[in-house]
Amino acid sequence: MGSRTDTIPGLGKALLWLLLDEEDYHQVVGDFEESYRYRIKTQGKTRAILWFWFILFKSLPGFIWDSIYWRGIMIKNYFKIALRIIKRQKLYSFLNIVGLAVSLTCSFLIFLHVRNELSYETNFPKANRLYRIQTNSKYGSTFRNWGASAPALGPILEETFPEVEKTVRIRDLGREILSYQPPQGTAKRFEERGGFISDSSIISMLDLQFLSGDPLTALEKPNMVVLTESIAKKYFADEDPIGKILLNENNKRPFQITGVIRDMPHNTHLKIDYLISMASFASIIGNAEMLNHRTWKAVYTYVLLHPDQTADSFDAKVPGFMKSFHADYPGRQEEILLQPIRKIHLHSKLEGEIGANSDIAYVYIFSGTALLLLLIAAVNFVNLSTAQSFKRMKEIGIRKVVGARRGQVIKQYLGESLLITALSAGFTLILLYLLLPFYTQMTGKEIAFGNIVHAQNILFLLCMMGFLSLLAGFYPAFFASGFQPVNTLKTIRDPRSSTTRLRKGLVIFQFVISIFMIFSTITIYRQLVFFHNQDLGFDKDKLVALRLYGEFRRDILSNTDALKTEILRHSAVSHVALSSNLPGSSMSNERLTPVSVADKSSLPMLRFMRVDKDFIEAAGLEIVLGRNFDRASDQKGAYIIAESVAEVLHLEQPLGVECRSDVHGEVEPIVGVIKDFHFASLHNRIEPLVLEYRPNWTGYLLVKVESGRSGEVIEFLRQKFDEVAPDHLFSYVFLDEYFNRNYEIENRSYSLFRIFSMIALLVACLGLFGLTVYAAEIRVKEIGIRKVLGASVPSITVLMSKEFILWVIIANLIAWPAAYLAMNRWLANFAFRVHIHAWTFAFSAASVILFALVTVSYQAIRAAVSNPVASLRYE
């Protein structure tokens, strides 16, 4: 025997192993090593190595050609045999292909969803250097973590911090009515939601692409506006919009169009439709000094760091900077943080977000769901393949007797696995084509089938195919290839082996996953029902909110009685009221300071709404102390506070206490106390709320409508508004629908999760059905003998079913604790939540057992009613 140094180089061996089959490999390597050792002795090791590589590369073309030719023939034969096996075992092949195709389809849809969620802000080239300023403030005993910041902050950061390359301030304009009056024809008038006032630096920071206009000057002067491409087409069709005028009908302010940019990508939290120059801020707000304000959370400030700077160096300087920034506000407790722009969509739940963000928890949930669905399908494959392997024992034994090596048997099984997975992938593309419309409807994300068929997605599908092929085919291949020829030619019975125990374990594993998902679906559904049906303390189901704006708003607020009287003439209308905000929306944060308190810095921030005298009755609020607003008595203003306000302000006798707000500073009395109610979503606890009588500060007309008659009332209101203001854009929303938008993410997640949990159960039952068919086949003689000896159909059915049902019961016992802990952790995210009752356990168990029983019983009854004569003659 030669030493390790006398053997040919390992890289050469590896190359030969790749090119040659097992038998040729050992022969060629043996010949090479014999000559190699001889040359080491006669010519030295260096010349022996050179000789080896020369001969190897000289022979390489022949090896490669032989490898391609013979392996091509081998692969062709493998696939021919695999196709024959699929045709011969139609039922099992169908169950495997359907299970894999459904699981691949769902996993691919989840992949699209997760990839979209993780892709937010990636379209901005400088995204890795972009941050939003988060402001954390303490007001007495209350804390507010703001997405917004003070208008003065951005420019001062840019001047003070060497880490900062640029800053931009943007202010969300909310709902605005814009109109364009062409030289001829009627005006085009629409309500827009995506308007922002912005510094011109946004163009270079976000690398906005201009289709027309000059990026350097487009946002430099007052009353300039830049439109996105879709908004430009909406108002101007194919006309060139540059230089034309858009009128903001909320304030009758004209804006000259100075640029058109490409639409913002869908995967960004900045849903920008148009940008107005920051030079217009003073005229829109009505006070030029507000741009220098250092405490008003009025704008969103974004920071672009220099490429060689980090957020850590910025953060280290913040405490000292904030002291100087708030030098005129002694005792103010506030800090700023850099929030990476790419983390906003999935990780940010700050006060005053631009829009509703998603949650990283749902990304984890759906990613786990995709993996579990693939595992269930793979378990089916393993179970059915190992079961069928016993029926192919004679085939494998004969192959081995005539010279087949274990590696060839393994390759045959892996080839069958790959073929079935490839067929499943083909059906997956068909299912994707059919299901995409339903998916886009549920998720609200527009995805065309053409967008799926590109390199990245196809690569992912191929990776999933490879993963499933190996996962599902690896164990059956090694299991079947290990059969001994002598034993395989004697019997095809299922031995009492570890393989049988493994199959039982895998079936239990499948149903553990299914029960977990059904338990979770029930809990999520109950929480959503709780959201929608919980008594909020006010009547949201019968209220219609109409938007008031511009001159029409001013006219209405100067004489509301006339319009209210006209609307109340309709028999289906019981109340008409005014409010500044709608329940479910963001409300103003202010302090309510009793005049007896000298230092207001210790007082908490409260939520404020401005209303008229009819709001409390229209909303169905309960006055527990004092009185309602009265026009005659409260002309100069008054407050009605919630019970929690009296508590946090320590007002034992709140009636008559005179207070002032931060906003206007005027002294007004508290005239009443109402019961706390849920004016925001049930995600959070109830916050203290102040209602102030200021009808002239309102912008919504609330109409209470009799149930079932909303359609005729809406048409009636439209006619009345057309009579009073023909040019007014009639805009309304049902308050219950508006409020329920707070739960949009949970609603969509539940819809998807419900479908995926049912699919998991379906795929698990497909596997159980296949195993039941197999169990009936291997026990066909036993069943025949039992029937001859007098066994009834029910007794045979119970005999065939009880083992499978026992597996499902065991799966319940395993799944319940895991599902309970997971759902308790999820429910902990909500201030108001349901509790998990015992019936949730029972229902999840009963539903799965019922599905399993139906699946198993069908085949069990079929076997039980078969003719015993035919079964005893079975070969």
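1. Let's start with one histidine. Leaving aside residues up to four places away in sequence, His678 touches Asp535, Leu536, Phe538, Ile686, Phe739 and Phe832. Keep in mind that this is a predicted model.

2. Where does His678 sit? You'll find His678 in the loop between β22 (667–674) and β23 (689–693).

3. Helix α19 covers residues 560–568 and helix α22 covers residues 710–724; their axes come within 11 Å and cross at roughly 145°. The crossing of α19 past α22 is right-handed.

4. Which residues make that contact? From α19 it's Leu563, Glu566 and Ile567, and from α22 it's Phe716, Leu717, Lys720 and Phe721. By type, the α19–α22 contact has 5 nonpolar residues and 2 charged ones, with no polar residues.

5. Now the whole chain. The protein has 28 helices and 25 strands. Its length is 875 residues, and 51% of them count as buried.

6. On contacts across the sequence: take the contacts in the protein with a separation of 6 or more, and 81% of them are between residues 24 or more positions apart.

7. Last, the surface. How much accessible surface does the protein have, and what share belongs to carbon and sulfur atoms? The total comes to about 41300 Å², with 58% belonging to carbon and sulfur.

Definitions and conventions
Residues are numbered from 1 along each chain as its sequence is written. This is a predicted model: local features need pLDDT of at least 70, side-chain atom pairs count only at pLDDT 80 or more; totals for chains, interfaces and linings use all residues. Side-chain values use heavy atoms; hydrogens and water are left out. Axes are lines fitted to C-alpha atoms, for helices over the stretch in contact, and angles run from 0 to 180 degrees between N-to-C directions. Helices (H or I, at least four residues) and strands (E, at least two) are DSSP runs, numbered from the N terminus. A crossing is left-handed if the near helix is turned anticlockwise from the far one by less than a right angle, and right-handed if clockwise. Contact means heavy atoms within 4.5 Å. Ala, Val, Leu, Ile, Met, Phe, Trp, Tyr, Cys and Pro count as nonpolar, Asp, Glu, Lys and Arg as charged, and the others, Gly among them, as polar. Buried means under 20% relative accessible area, exposed over 50%, partly exposed in between (1.4 Å probe, protein chains only). Accessible areas come from the Shrake-Rupley method with a 1.4 Å probe; for residues, only the protein chains shown count as cover.
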